[in-house]
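Please look over the chain below. The report starts with one residue and then moves to the whole fold.

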Amino acid sequence: MRGLVRTLAGLVAILLVAAGCGGGDGGGSDDGKVRIAAIFSGPTTDADYNALGLEALKAAEKDGAEVSYSESVAVPDIERVLQEYVADGFNVIWTHGSQFYEATAKVAAQNPEVRFIGEFDGEPEGQPDNVWVIDRNFHTVFYPLGVLATNLTKSGKVGYLGGLSLPFSYSEVHAVEQAIADSGKDVELTPVWSGDFNDTVKAQQLTSQLLSGGADVIVTSLNLGVVGAFKAVNDTDPGSAWVTVKYTDKSQNGPEHYAATVLYDFVTPLAEILADIDEGTTKGHYVIGFGQGASVDVGDNVPAEVTAEVEKAVAGISDGSVEVELDQSEVK
């Protein structure tokens with residue numbers, strides 16, 4: 001973890017210097033204790049995105065930091081919660097979710113003595129000098145899923161099932177489209193959105209519709225809603241329909257129909273950002289990628305030749321021979 005203990009000790013020194021220089025009104029700790037707060041959009045028991053964030057926070061705690069967090073925070077409440085953590089003397093405040101970035105940047109600009117970590121899909125304009133950005137880079141990691149779907153489908157029809165139709169979701173669809181185009185194969189992609197990342201009923205209904213339309217590979221970008229997608233494909237014969245998932249391994253919901261997971265890890269990004277803060281860099285843009293917080297796990301039931309194509313795509317992205325375009329334009 002690039003010496004997280006050293007990182008936290010260095011961060012204490014930085015904050016003590018800031019306190020000695022006057023810093024500003026409110027925020028920051030004057031007792032030399034590293035205090036890290038995180039704000040999560042959903043429950044940390046979701047075995048998904050928020051659970052991954054808590055895992056990273058707990059890793060920092062294990063190495064000596066005092067930590068605190070708020071879960072299931074709605075966007076309208078985020079600025080208030082941020083200000084409360086500043087007032088409580090937290091040195092580093094991390095907002096886990098790109099929907100929180102705008103408020104994070106606003107509060108950061110008002111509190112230059114505090115370090116903030118926000119998340120964004122791409123590189124934001126006007127990033128404050130005390131803000132680190134974790135770029136989730138979804139388009140890059142979804143390209144191998146497009147390669148998988150293109151080589152796995154027998155019907156020549158693939159479905160994409162998202163939650164909310166947001167720019168990051170559009171970028172995932174376009175990445176899958178690029179993978180299909182790069183393959184030169186005649187494969188049709190049908191994207192749909194349920195309107196809720198956690199609605200299992202709607203996800204099941206839409207997955208059933210995609211299957212009825214001939215799709216035999218469903219690329220999902222959901223949280224708990226993916227359980228509904230599995231319920232739909234589980235009604236089909238093994239090997240006749242497949243599901244890919246995101247963030248954490250959810251194969252237990254339908255092992256015979258499980259194709260792959262885009263796995264995410266925020267322990268590494270958080271540790272490396274803290275290391276850079278230790279070295280005096282208080283602003284930066286950390287891009288999650290293969291070997292840096294992201295990986296693709298292909299299910300054991302997927303044919304070996306398909307798995308090999310996915311591994312080839314990951315290797316190409318990693319060495320730069322495959323470039324995935326970031327296209328956040330609305331899917332029409």
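Leaving aside its neighbours within four places in sequence, which residues is Val324 in contact with? The partners are His139, Thr140, Tyr143, Ala175, Gln178 and Ile317. Contact here means heavy atoms within 4.5 Å.

This is a predicted model, in which local features need pLDDT of at least 70, side-chain atom pairs count only at pLDDT 80 or more, and totals for chains, interfaces and linings use all residues. Residues are numbered from 1 along each chain as its sequence is written, and side-chain values use heavy atoms, with hydrogens and water left out.

Val324 sits in the segment after helix H10 (304–319). Helices (H or I, at least four residues) and strands (E, at least two) are DSSP runs, numbered from the N terminus. Val324 has a relative accessible area of 13%, so it counts as buried. Buried means under 20% relative accessible area, exposed over 50%, and partly exposed in between (1.4 Å probe, protein chains only). Val324 also pairs across the sequence with His174: the two are 150 residues apart, yet their C-alpha atoms are 9.3 Å apart in space.

Ile277 belongs to helix H9 (residues 267–278). Its relative accessibility is 0%, so Ile277 is buried. Trp132 is 145 residues away along the chain, and the C-alpha atoms of Ile277 and Trp132 are separated by 9.2 Å.

**Asn50**

Asn50 is placed in helix H2 (residues 49–62). Is Asn50 buried or exposed? Asn50 is buried, because its relative accessibility is 5%. A polar atom of the Asn50 side chain lies 3.3 Å from the backbone nitrogen of Gly42. A polar contact is a pair of N or O atoms within 3.5 Å; within protein, one must be able to donate a hydrogen and the other to accept it, and residues adjacent in sequence count only if both atoms are side-chain atoms. Apart from neighbours within four places in sequence, Asn50 touches Phe40, Ser41, Gly42, Pro43, Thr44 and His96.

**Two positive phi values**

Ala47 lies in the loop between strand S1 (35–40) and H2. Its phi is near 55°, a positive value in a residue other than glycine. Asn137 lies in the loop between strand S5 (131–135) and helix H5 (138–152). Asn137 is not a glycine either, and its phi is positive, at about 55°.

| Residue | Relative accessibility | Class |
|---|---|---|
| Ala47 | 51% | exposed |
| Asn137 | 9% | buried |

**The whole chain**

The chain has ten helices and 13 strands. Why does its radius of gyration agree with a compact globule? With 332 residues, such a globule would have a radius near 20 Å, and the chain has 21 Å. The radius is taken over C-alpha atoms, and the globule rule is 2.2 Å times the number of residues to the power 0.38. The C-alpha trace spans about 65 × 40 × 35 Å along its principal axes.

Of the 332 residues, 56% are buried. Among contacts with a separation of 6 or more, 72% join residues 24 or more positions apart. The accessible surface is about 13,500 Å², and 48% of it belongs to carbon and sulfur atoms. Areas come from the Shrake-Rupley method with a 1.4 Å probe; for residues, only the protein chains shown count as cover.

The chain carries 20 positive and 49 negative side chains. The centres of the two sets lie 2 Å apart. Lys and Arg count as positive and Asp and Glu as negative, while His and the chain ends are not counted. Each charge is placed at NZ of Lys, CZ of Arg, CG of Asp or CD of Glu.
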